[in-house]
Amino acid sequence: MEIFGIPSPAFFGQLLLGLINGSFYAILSLGLAIIFGLLNIINFAHGAQYMVGAFVAWMALTWLGIGYWWSLILSPLAVGAVAVVIERTMLRHLYKLDHLYGLLLTFGLALVAEGVFKNYFGVSGSSYEVPELLQGGINLGFMYLPIYRAWVVVAAMAVCFSAWYAIERTSLGATLRAATQRPDLVQALGINVPVLLTATYAVGAALAAFAGVLAAPIMQVNPVMGSNLIIVVFAVVVIGGMGSILGSILTGLGLGVVEGLTKVFYPEASAVVIFVVMVLVLLVKPAGLFGKQA
């Protein structure tokens with residue numbers, strides 16, 4: 001069976017690969033959108049936090065024997081704890097300044113983190129075994145579906161839409177949005193605004209670490225895995241609309257599929273298709289697909 005002249009196993013295989021990449025784009029751009037939309041910080045350290053999340057899982061397994069399932073909890077907690085220190089000691093002084101200050105600070109932090117891990121672990125990369133429960137695959141007739149890759153898509157989407165619901169549809173999310181727009185008013189109601197802002201940055205960083213743990217069994221765990229991805233993720237955020245949480249999720253998933261199908265029909269363009277889409281979108285709608293015009 002062929003689809004547009006492409007054998008169906010190859011077509012659906014690339015479609016699945018696109019969904020997997022789109023899941024990573026979605027969860028990473030979600031973290032970026034939360035931090036930018038609520039804290040006004042362009043967090044260039046997001047890729048490094050994703051990389052550290054993967055390394056924490058790898059170190060937990062290799063050095064302590066702590067497996068994948070516990071790492072899905074412990075790694076985001078560890079990276080979130082470091083993010084608390086960064087927010088309280090550095091970022092909170094930049095909220096009222098131009099975006100450029102936050103971008104430069106977080107870019108510097110990313111370089112430091114990457115350099116430290118390169119110095120200690122090298123750049124060759126280390127493998128991380130797929131957990132026993134998720135090994136193997138299912139023959140669907142038209143394609144072979146690896147269980148772990150299906151799990152990545154389901155887990156990433158569950159986390160993304162849960163975070164969107166918490167921010168957009170709950171009283172806690174409404175309080176958080178109000179705290180970023182009118183902190184003086186919210187503070188007058190007895191709510192500790194600085195703690196809310198610290199928690200927001202920690203949650204954004206923890207999302208990156210969660211994505212890192214999901215990625216560890218698929219990709220080689222190495223110090224540059226975040227910097228290889230962060231530019232594409234920023235492009236996804238720009239296309240979706242800076243600060244738009246739902247836009248980041250849907251755009252990330254959609255662009256992953258577009259990238260995967262491009263590999264089927266015109267592989268030479270797969271590396272740049274997202275940036276071509278970004279240019280076209282910005283020409284038509286400068287605020288992004290889901291962004292609000294200033």
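Is M90 buried, exposed or partly exposed? In this predicted model, M90 comes out as partly exposed, with a relative accessible area of 30%, because that value falls between the 20% limit for buried and the 50% limit for exposed.

M90 sits in the loop that links α3 (68-89) and α4 (99-121). Setting aside residues up to four places away in sequence, M90 touches L105 and L109. Take L105: 15 residues separate M90 and L105 in sequence, and their C-alpha atoms are 8.4 Å apart.

Now for another loop residue. S270 lies between α10 (245-265) and α11 (273-284). S270 is buried, at 12% relative accessible area. A polar atom of the S270 side chain is 2.8 Å from the backbone oxygen of P267. Beyond its neighbours within four places in sequence, S270 is in contact with E259, T262 and K263.

| Residue | Loop between | Relative accessible area |
|---|---|---|
| M90 | α3 (68-89) and α4 (99-121) | 30% |
| S270 | α10 (245-265) and α11 (273-284) | 12% |

On to a helix pair. Helix α2 (residues 46-64) packs with helix α8 (residues 193-215) at an angle of about 55 degrees, and their axes are 7 Å apart. That angle makes α2 oblique to α8, and the crossing of the two is right-handed. From α2, the contact draws on H46, Q49, Y50, G53, A54 and A57; α8 brings in Y201, G204, A205, A208, A209, A211, G212, V213 and A215. Sorted by type, the residues of this contact are 10 nonpolar and five polar, with no charged ones.

Terms used: Residues numbered from 1 in each chain as written. Predicted model: local features only at pLDDT ≥ 70, side-chain atom pairs only at ≥ 80, totals over all residues. Heavy atoms only, no water. Axes fitted to C-alpha atoms, helices over the stretch in contact; angles between N-to-C directions. Helix = DSSP H or I, 4+ residues; strand = E, 2+ residues; numbered from the N terminus. Parallel < 35°, antiparallel > 145°, perpendicular 65-115°, else oblique. Left-handed = near helix turned anticlockwise from the far one by under 90°. Contact = heavy atoms within 4.5 Å. Nonpolar A, V, L, I, M, F, W, Y, C, P; charged D, E, K, R; others polar. Buried < 20%, exposed > 50% of the residue type's maximum accessible area, 1.4 Å probe, protein only. Polar contact = N/O pair within 3.5 Å; in protein donor to acceptor, adjacent residues only side chain to side chain.
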